[in-house]
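Let's take a look at two bits of packing in this one. Here comes the structure.

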Amino acid sequence: MGVIKRLSETLANKIAAGEVVERPASVVKELVENAIDAEASSVLIEIEEGGLKRIKVTDDGRGFAPEDCRIAFERHATSKIHEDSDLFHIATLGFRGEALPSISAVSHLELTTSDGVHPGTHLVLQGGHVIADGLAQSRKGTSIKVEGLFYNTPARLKYLKSIHTELGQMTDVVNRMALAYPHVRFTLVHEQKTVFQSNGSGQLSHVLAAIYGVRTAKAAFPFSGKSLDFKVEGLAVHPQISRAGRQYVYIFINNRFIRNYPIFNSIMEGYHTLMMIGRYPICVLHIQMDPSLVDVNVHPAKLEARISKEKELCALISESIRSAFHRERLIPSVTGKPHSRASKPKNEQQTLDFSPTAVTGPDLSEPIEHSEHTQTEKAFSEQVHEPETHTFSSQMAGKDESATTLEQSVQDTSDVEDSPSDEPQRRMPKLYPIGQMHGTYIFAQNEDGLYIIDQHAAQERIKYEFFREKVGETAREVQQLLVPMTFDFSASEYETVTEYQDYLQEIGLNFESFGTRSLIIRSYPTWLPEGREEEMINDIVHQLIETGKVSIKKLREKLAKMMACKRSIKANHYLRPDEIQALLDSLSKAQDPFTCPHGRPVLVHFTPYEMEKMFKRVQ
Amino acid sequence: MQELQDSNPNAALAMKCTVQKDKLADAVNRVMKAISSKTTIPILTGVKITSGRDGITLTGSNSDISIQTFIPLEEDGNENAVVHTPGQIVLPSRLFSELVRKLQDEDVHIEVDSRFIAKITSGATEFSLNGLDPEEYPNLPIINGSDAFRIRKDLLKDMIKQTVYAVSVTETRPVLTGVKWMINDGKLSCVATDSHRLAQRSVSVENGEDSGTHTLVIPGSSLNELSKILDDDDEQLVDIIMTTNQILFKSNNVQFYSRLLDGNYPDTSRLIPTESKTTIDLGTKDLYRAIERASLLAKEERNNVVKLRAEGNQVEISSQSLELGRVFETLVPEHFEGDPLRISFSAKFMMDALGKLDAQSVRIHFVGPMRPIIIRPIGDENILMLILPIRTF
């Protein structure tokens, strides 16, 4: 007699439940996803004892038609897809038809639902079998109550963690759903206490505020980007607020939460040099794309996704985040509250620029011949000549200088209007130095308050931007080798290298076949750091495999950072007033003046209000 | 020299001169002491060369100091340089100093065009260097004060050596990174302290009587550089001119400018105890070497503490390291007076102080285990070194 038998449906469902229903949080996830797919605008999740005693999810969605109720609990029964081709453009969260049978197989489940047209249905299932069936009121929507989860799978029950852990997992699930659907109101209630609530206003920042607090939400910068196939938007929180873990980066593809390493990396790339090493941002990213470009049918939990044109998407994400930060002032404030938005585009009172650069043009070295002002103008032009040549003398000279330039620019206002106040100039506020502390920190002020600048970090940033470009320019000289270097690659690496052979030759790496999976190099470019040639060539190959191109700038970035650090002024270094001014001037021309290449802040800001608070002038 | 620069407004155009290589190399070398590769004003990494009617001037400058060296056209009947066209240029200093040193021919010919490109020829070698606009080079401070005095060069070097080592090396209290100079009634006294130790020295100066009383604080690093660029012609006098925020040292074709430090220097006179409970005379070298040996172990413990016990006409120097072991040495003092004593101090501080003294023997005054230690060379009342002891438990 044969030993192979077809499993009973109940047993099959229990096995499937092992994949779908891993822990109480998975039940919440599946039920909430169903609610969303049913176009609910408000979802209430009530939980007792971390979900072990009871999970109840109530929504105001479409509801079930009476005849659908029983079939919904059969395996592979779904309303979300109908035919083969639907699988390739899935627009709903679920589609496998597994959730309800799996959950009902391992619990005591009660369903109360109505589509608002027919009388409502009340269904009770135990271990996957319907044990009671009745009518209910016809309030539109669905409510599913799951009790005694895992009552018949003791092994699973044994491995559940504490109530707190399970609740934490559930909160995560609800947080993600709320971030994915800001227009849906979510309420999570644990033992009659509201743990989390989003207002369903459709504003992502409101959801972020509900999860991380108002301060974080205020520090979040919106970003967006668009290409032919993708639309990305989201909120990137100020780098000053960072986390040690990477789970605070939320990635949603067509409102589905996924984990994807390349996309995560592209977000980090957007934060490049703004983030301290080992710290990760809080960031919410929504990607909208044609469902046919993404395959989410990788795993029952649907956390992974296969994306077509992934590189293009990653580049778009990095660029969107980077440009969002480039519009902002990222100066950390002392109270830990990040600086408010930099530029309000409208209603800005124009101010005169008193900086010496605005007036010291070549035209001013010539005496200005206005008939009635000739006398005074002559005097001015002589004085204005002063600031061009730096003097060693004390700060008094500096004061004179600004006084003269003030009058000069008042008289000749057309000069000020002509000077364009372009975008990067305005990111960095104009700072007027006060002095230096401990030979390390520069104090400066403007109308917005006090700024403290780390002189080393500031010059490091300036030099880094210089060397970053410089190390990318490589000479074309190659060094011949007496004994060639041999590289062993895996089969797939070997294929990539041979594919890009021409490209590699252009940057001076001429790989020749040497056996099945080995390649040799008889010469290498001279710019490779001495003693680390082999390591660098391996890095180049890996970069090529990952990104399909080689960026020498990126490879040598470490070198650029090191050169910048070594060639910058250190702490304990006295600076003359004119040197401080020169440093601030070149800092204001930097692309990213707010952090050093290692992500530490260059300057911090005290607002006058903060100062007043410190001295109890205000309460 | 100052007038020379001012009289040449268009000097940038086409400078042309020939200089003797050794003279040029020597002058550049001195100026280099004032040029730092780390600066926020890029032009300050360069050396400024000005050729005028009387000779050629080189200038280097950083946050603290500026150095100007002058090569006269003729000196002691020898021809040093020929100026064909007066003018000025700023050249990258490190490169320029290296190339001058490596040139083979005796004469160096420098020619600058209006785009600030300097052609440097010597024998068969020709360099073309991209220079910078000398108009952008910051002006040196103008010093024409009458507050001046003169001092012998060897004495100046000695004074610097014996005080500057005690200045503070951190900028936490900026004024302590300098040496305080006080000129009063023909006498110059110098004090330096980093708040753990103190060094003091006074000398008589020439022309000091009419300059009145002055107190100024000169950065320690400036004085270190000054003593490096002063040549060995010890008999010569150095002219020192003071203003409120700058000091100028003039010697033998070299002008050395230093900024002065702002702020009030603490009153150190009341820190120096006048009484003495234990007085010991010891050979300077003997004591130095004993402490040096003891510090071998002290260094390992990282605190660098050496113990001294004086009792019954005998001085014991000891130190120990928990891991390595201990060292113990006895010295017989030339003279012993007062109470027995046990005290601990930093070996480094003591060696720093003793190493700066030329006298055969030193007299050390102790007031108690927690009070300052005073070291004076026997036979010279103008020098005083003070060290604070370390409290041990």
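## A bridge in the sheet

Start with one residue pair: Gln320(B) has Arg326(B) in β23(B) as its bridge partner. Keep in mind that this is a predicted model.

## The whole sheet

Those strands belong to an open sheet of four in chain B, ordered β23-β22-β21-β25, with antiparallel pairing. At the edges stand β23 (325-331) and β25 (341-346) of chain B; each has a single partner strand, so one side of each is left without a neighbour in the sheet. From one strand to the next, the twist averages 20°.

There's a helix to go with it, too. Helix α7 of chain B, residues 347-355, packs on the sheet and touches β21 (305-311) and β25 of chain B. The direction of α7 makes about 85° with that of β25(B).

## Two crossing helices in chain A

Over in chain A, the pair to look at is helix α18 (residues 491-499) and helix α20 (residues 533-547), whose axes come within 10 Å and cross at roughly 90°. Angles of 65 to 115 degrees count as roughly perpendicular, so that is the label for α18(A) against α20(A).

Who's touching whom? On the α18(A) side you'll find Glu493(A), Thr496(A) and Val497(A), and they meet Val541(A), Leu544(A) and Ile545(A) in α20(A).

Key
Residues numbered from 1 in each chain as written. Chains lettered and ligands numbered in written order. Predicted model: local features only at pLDDT ≥ 70, side-chain atom pairs only at ≥ 80, totals over all residues. Pairing = 2+ DSSP bridges. Axes fitted to C-alpha atoms, helices over the stretch in contact; angles between N-to-C directions. Contact = placed C-beta atoms within 7 Å. Parallel < 35°, antiparallel > 145°, perpendicular 65-115°, else oblique.
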